[in-house]
Amino acid sequence: MVFGGTFREMLYVATLPHSCFDIVKDLEDSMTQGMVRSSFKTTQLTGGLFQSFVGFKEERPVRFALQQLVNGTTTMKEFRGKGKSLKSGHGKGIPDVIGGALKRNADKHIKYGNDVTSAKAFVDLMENSSTQCFLMEESSITDMQCFLQKQQLKQLLVL
């Protein structure tokens, strides 16, 4: 498969998981048959198509975006935009979102003259927040670790 693009972009495509790489091969076939929606007439993969995906590592969203491009439910321009929107999230999870909300709330309080000098002060400041905060003492964490070690928990295999 040959297409114009930066070295990083070509390397990204070359190292895609098999499930995604197979779709890229299907995409190449769809391009030559004129099946891919584009604002310009092209029959081959062009450089820059995967540029916004370089560095993004999660397979499912990339595979989904590729499938949409191949089956014609999205245009090449929309595909590039999806790469940008996926990267802007950087695969953040719920804890990151909650942490960001708490930080913005604390910043707002600091802006109006309050000061956060300790974890307890932070929890007290967040008392009226929509997100509940709890202060965990070191002894509580140690007690929970001892409790969990005594349990016969099954180990999960994560692939």
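Colleague: What separates D107 and K103 in helix α5?

Modeller: In this predicted model, D107 and K103 are 4 residues apart in helix α5, and therefore about one helical turn separates them.

Colleague: What makes the pairing of D107 with K103 a salt bridge?

Modeller: The closest N and O atoms of D107 and K103 are 3.1 Å apart. The criterion asks for a Lys or Arg side-chain nitrogen within 4 Å of an Asp or Glu carboxyl oxygen, so the pair qualifies.

Colleague: Why is K103 called exposed, and why is D107 called partly exposed?

Modeller: K103 has 52% relative accessibility, and exposed means over 50%, so the term applies to K103. D107 has a relative accessible area of 38%; this lies between the limits of 20% and 50%, so D107 is partly exposed.

Colleague: How do you know that K120 and D124 form a salt bridge?

Modeller: Their closest N and O atoms are 3.3 Å apart, and the limit is 4 Å, so the pair is counted. K120 and D124 lie 4 residues apart in helix α6, which means a separation of about one helical turn.

Colleague: How many salt bridges does the rule give in total?

Modeller: The count comes to 4 salt bridges. Another of them joins the side chains of E59 and R63, at 3.1 Å from N to O.

Colleague: Is N105 buried or exposed, and why?

Modeller: N105 has a relative accessible area of 14%; buried means under 20%, so N105 is buried. This residue belongs to helix α5. Leaving aside neighbours within four places in sequence, N105 is in contact with M126 and S129.

Colleague: Why is C20 called buried, and C146 partly exposed?

Modeller: The relative accessible area of C20 is 0%, under the 20% limit, so C20 is buried. C146 stands at 37%, between 20% and 50%, and is therefore partly exposed. The count of disulfides is 0.

Technical notes:
Residues are numbered from 1 along each chain as its sequence is written. This is a predicted model: local features need pLDDT of at least 70, side-chain atom pairs count only at pLDDT 80 or more; totals for chains, interfaces and linings use all residues. Side-chain values use heavy atoms; hydrogens and water are left out. Helices (H or I, at least four residues) and strands (E, at least two) are DSSP runs, numbered from the N terminus. Buried means under 20% relative accessible area, exposed over 50%, partly exposed in between (1.4 Å probe, protein chains only). Contact means heavy atoms within 4.5 Å. A disulfide is a pair of cysteine sulfur atoms within 2.5 Å.
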